[in-house]
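Hi,

Here is the structure I promised to pass on. Have a look at it first, and my notes follow below.

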Amino acid sequence: LTADVTVSDGTLDVTFPAVYADKACVNGIEVTPVSVADQAFLDFVQKKMFWYFWNESDVTTGLVKSTEDNWKAGYGYISSIAVDGFALSVYTVAADRGWITRQQAYDRVSKILTTFETRLQHVHGFWYHFVNLSTGARELNSEISTVDSALFILGALQAGEYFRSDHPDVASRADALYRRMDWAWFSN
């Protein structure tokens, strides 16, 4: 099958059946680029990055895959707490830009905060770097990570500020997780 398509709205959507590395269904796609304004290109990249965080999250925990490789069966069962912190901020940006509703962003943020409050093991308020996407259990014999814990809590605090007026529970929950982090213990 050969098709020539002219894209006038900036988006080419192509739907394929399941594609496997050893049984490729597509021989090739030739794309002829046209001039795109810098801001339009950045908007496109930002929205595509948002979709990773949105689509690669666990439906129960809200945790986001640390990485993904569509060619490996069973790949992508690990979440990084830093990625989850980034996701909290990404969801607020997506809501602000109208890619998802504010309620959808709130629901996803709330789900992640609940997981961190109830499922993830912590030591003096700091979390393990890698956790199981579905259960929140420590993975890969990972370390308690101050850097990744800080990246998570920054996302949580930012989401709390974003939702402060209509969902103040996000701010209070993020603040409680932040106050649980015992930096004096760590620096000793």
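The buried residues of H4 pack against strand E1 (78-80), helix H2 (81-96), helix H3 (102-118), strand E3 (126-127), H5 and helix H6 (183-187). Among those buried residues are Phe 152, Ile 153, Ala 156, Tyr 162 and Phe 163; buried here is under 20% relative accessible area, exposed over 50% and partly exposed in between, with a 1.4 Å probe and protein chains only. Helices (H or I, at least four residues) and strands (E, at least two) are DSSP runs numbered from the N terminus.

Before you go further: this is a predicted model, where local features need pLDDT of at least 70, side-chain atom pairs count only at pLDDT 80 or more, and totals for chains, interfaces and linings use all residues. Residues are numbered from 1 along each chain as its sequence is written, and side-chain values use heavy atoms, leaving out hydrogens and water.

Now the helix pair. The axes of H4 (residues 146-163) and H5 (residues 168-180) come within 7 Å and cross at roughly 155°, with axes being lines fitted to C-alpha atoms over the stretch in contact and angles running from 0 to 180 degrees between N-to-C directions. That makes H4 roughly antiparallel to H5 (over 145 degrees; under 35 is roughly parallel, 65 to 115 roughly perpendicular, the rest oblique). On the H4 side the contact (heavy atoms within 4.5 Å) includes Leu 157 and Gly 160, and on the H5 side Val 170 and Tyr 178.

One more from H5: Arg 173 sits in that helix and, at 15% relative accessibility, counts as buried. Leaving aside residues up to four places away in sequence, Arg 173 touches Ser 110, Leu 113, Thr 114 and Glu 117.

Cheers
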